Amino acid sequence: MKIQHNITSPIPSVGLQVWNAELILSDFVLHKMCTSMEFHGIVSLELGAGTGLAGMLLAHAAKTVFLTDHGDQILENCLKNVQLNSGVLNHQKVVYVRELDWTHPWPPKVSSDLATQERFSWSSSELEEVQKASLLLAADVIYSDDLTDALFGILERIMSQGSEKVLYLALEKRYNFSLDDLDVVANGYLNFRSYLKDDSECEGLELGSLPCFMGKCIDVAEIPQYVGGYDRGDDVELWEIRYSKGKL
């Protein structure tokens, strides 16, 4: 596979760069496809897809993959990568590049006028297909509290509708000095962990009546490294996250 990407990028354009967490997620997707049929024929949605690497790898087994991100430059680059790899994908129509702003309501607005429909906008049939999705992917989307809040806001809307869904999220803890804490902290990480509960905690929320996110950290040491040329380091984590709708 060929990926067009930046070597460095400013904060607004981080989606133009391939990060370690995306490589870990790609290793995980490849391992699943090599050892099971779990991803065969599924519908999947990747949030903050960036260059689209993990989602395009998944497209070798999935029925439909939606690569989503925000901003014309990032979306154009993602589409370019899909086109670069069209020869090795099952067929190009299996992968869709769509804009998804986490701060906007879900589902996104649909234009009924095909003539004025924007390049990365959604159709009503595509949104119906997302309802059937069983797998969500995300990599390197945890680096600020505001972004983390927006992520879990849209995850709740997407995962509470349609088929039961599981999210595999890869992240890398990045430590910076915080004036608020007067200490070195991993931006966004503590806020991310505050959204997650284990199974027993969810069951204890008024006997399972309240909705919650259940998270389990996967041991990345058990995932073979299929993608060469990168050092995983000690600060990369991979999480399996499910959403319990509660009984109310």
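# Close-up views of a predicted model

**View 1. Helix 5 and its buried residues.** Helix 5 buries T148, A150, L151, F152, I154, L155, I158 and M159. The model shown here and in every other view is predicted. The helix has 15 residues, which at 1.5 Å a residue should span 21 Å. Its end C-alpha atoms are 21 Å apart, in agreement with that span.

**View 2. E156 on helix 5.** E156 belongs to helix 5. Is E156 buried, partly exposed or exposed? Its relative accessibility is 35%, so E156 counts as partly exposed. Beyond residues up to four places away in sequence, E156 touches F213 and Y243. With Y243 there is also a polar contact, side chain to side chain, at 3.0 Å. K245 is 89 residues from E156 in sequence. In space, the C-alpha atoms of E156 and K245 are 9.0 Å apart.

**View 3. Strand 4 and its two partners.** Strand 4 is mostly covered, with five of its five residues buried. L135, L137 and A139 point one way from the strand. L136 and A138 point the other way, and they too are buried. Strand 1 and strand 4 run parallel and are joined by four bridges. Here E46 has L137 of strand 4 as its bridge partner. Strand 4 also pairs with strand 5 in the parallel sense, over five bridges. In that pairing, A138 stands opposite L169 of strand 5.

**View 4. The salt bridge between E129 and K63.** The whole structure holds ten salt bridges. One of them joins E129 to K63, with the closest N and O atoms 3.4 Å apart. E129 lies in helix 4 (residues 124–131), and K63 in the loop between helix 2 (53–58) and strand 2 (64–69), so the pair ties together parts that are 66 residues apart in sequence. At 13% relative accessibility, E129 is buried. K63 is partly exposed, at 45%. A network of salt bridges links K63, E129 and K132.

**View 5. The salt bridge between E76 and R119.** In this pair the closest N and O atoms are 2.9 Å apart. Where do the two residues sit? E76 is in helix 3 (residues 72–84), and R119 is in the loop between strand 3 (95–99) and helix 4. The two are 43 residues apart, and their pair links distant parts of the chain. E76 is partly exposed, with 35% relative accessibility. R119 is exposed, at 53%.

**View 6. The salt bridge between D140 and R174.** The closest N and O atoms of D140 and R174 are 2.7 Å apart. D140 lies in the loop between strand 4 (135–139) and helix 5 (145–159), and R174 in the loop between strand 5 (166–172) and strand 6 (175–178). The pair therefore ties together parts that are 34 residues apart in sequence. D140 is buried, at 9% relative accessibility. R174 is partly exposed, with a relative accessible area of 27%.

View 7. K173 is found in the loop between strand 5 and strand 6. Is K173 buried or exposed? K173 is buried, since its relative accessible area of 18% falls under 20%. Neighbours within four places in sequence aside, K173 is in contact with A186, Y189, D235 and E237. With E237 there is a polar contact of 3.4 Å between the side chains.

How values were computed. Residues numbered from 1 in each chain as written. Predicted model: local features only at pLDDT ≥ 70, side-chain atom pairs only at ≥ 80, totals over all residues. Heavy atoms only, no water. Salt bridge = Lys/Arg side-chain N within 4 Å of Asp/Glu carboxyl O. Buried < 20%, exposed > 50% of the residue type's maximum accessible area, 1.4 Å probe, protein only. Polar contact = N/O pair within 3.5 Å; in protein donor to acceptor, adjacent residues only side chain to side chain. Contact = heavy atoms within 4.5 Å. Expected span 1.5 Å × (residues − 1). Pairing = 2+ DSSP bridges.
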